[in-house]
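Work through these exercises with the structure in view. Try each task before reading its solution.

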Amino acid sequence: MAGYFEEMGWTELGDGETPNQLLHLARLLRDFGMFEELGEGKRLPPPASKRIVNNLPELEIKQAEESCPVCLIEFRPSDKTKVLPCDHKFHPQCILPWLAKTNTCPFCRHELETDDEQYEEYRKAKLREKQREEDIETLHNSMFS
Ligand SMILES: [Zn+2]
Ligand SMILES: [Zn+2]
């Protein structure tokens, strides 16, 4: 494996050093487009963080005007709903099993934090990349408009 590491410009770790494997892995996955490859639709992002799910605010419905995006049943006054950070409301029995499977809002695909370190690294890297693209675009616009 030494040759491979040298080729990639990585130094092998000495005794007692802890590899930042998760970070490496996240970079690899991103660079090779693994998450995209495995794909939305084919592979769901990991479950939402239990801490986040346990702390989702509850809201009691006052007026029935919306329906739950999962079961499409209209909320009734005094129904208790769980509110996601994107402000979408769901029956707890509809959203909790969903969030135990994946971290996205079923309505708008807003992503919640997960307990999956790999995925979090990937998500942060993706956000940084997006930010960088936006910065470049802003710079470009300020220079050429
Ligand atoms: Zn529902
Ligand atoms: Zn949403």
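**Exercise 1.** Which residues of the largest nonpolar core touch the most other members?

Solution. The model is predicted, so local features need pLDDT of at least 70, side-chain atom pairs count only at pLDDT 80 or more, and totals for chains, interfaces and linings use all residues. Residues are numbered from 1 along each chain as its sequence is written, chains are lettered from A and ligands numbered from 1 in the order in which they are written, and side-chain values use heavy atoms, leaving out hydrogens and water.

- Step 1: know the term. A nonpolar core is a set of buried Ala, Val, Leu, Ile, Met, Phe, Trp, Tyr and Cys residues joined through side-chain atoms within 4.5 Å. Buried means under 20% relative accessible area, exposed over 50%, partly exposed in between (1.4 Å probe, protein chains only).
- Step 2: pick the residues. The core has 15 residues, and L84, F90, L99 and L112 touch the most other members.
- Step 3: find the helices. α4 and α5 each supply at least two residues of this core. α5 gives the most, with 3 residues. Helices (H or I, at least four residues) and strands (E, at least two) are DSSP runs, numbered from the N terminus.

**Exercise 2.** List the contacts of L99, leaving aside its neighbours within four places in sequence.

Solution. Contact means heavy atoms within 4.5 Å. L99 then touches P47, A48, V53, L56, L84, T104 and L112.

**Exercise 3.** Describe the site of the zinc ion (ligand 1).

Solution. 

- Step 1: name the donors (N, O and S atoms within 2.8 Å of the metal, 3.2 Å for Na, K and Ca; water is not among the atoms, so sites may look incomplete). They are C68 (SG), C71 (SG), H91 (ND1) and C94 (SG), at 2.1 to 2.3 Å.
- Step 2: read the spacing. It is C-x2-C-x19-H-x2-C.
- Step 3: C68 is in the loop between β1 (58–60) and β2 (80–83), and H91 in the loop between β3 (89–90) and α5 (92–99), so the pair ties together parts 23 residues apart in sequence.
- Step 4: check burial. C68 is buried at 0% relative accessible area. H91 is buried too, at 8%.

**Exercise 4.** Why does the arrangement around the zinc ion (ligand 2) count as tetrahedral?

Solution. 

- Step 1: the donors are C86 (SG), H88 (ND1), C105 (SG) and C108 (SG), 1.9 to 2.4 Å from the ion.
- Step 2: four donors count as tetrahedral if all angles lie between 85 and 135 degrees.
- Step 3: the 4 donor atoms subtend angles of 104 to 119 degrees, so the arrangement is tetrahedral.

Terms used. Four donors count as tetrahedral if all angles lie between 85 and 135 degrees; four count as square planar and six as octahedral if opposite donors are over 155 degrees apart and all others between 65 and 115; anything else is irregular.
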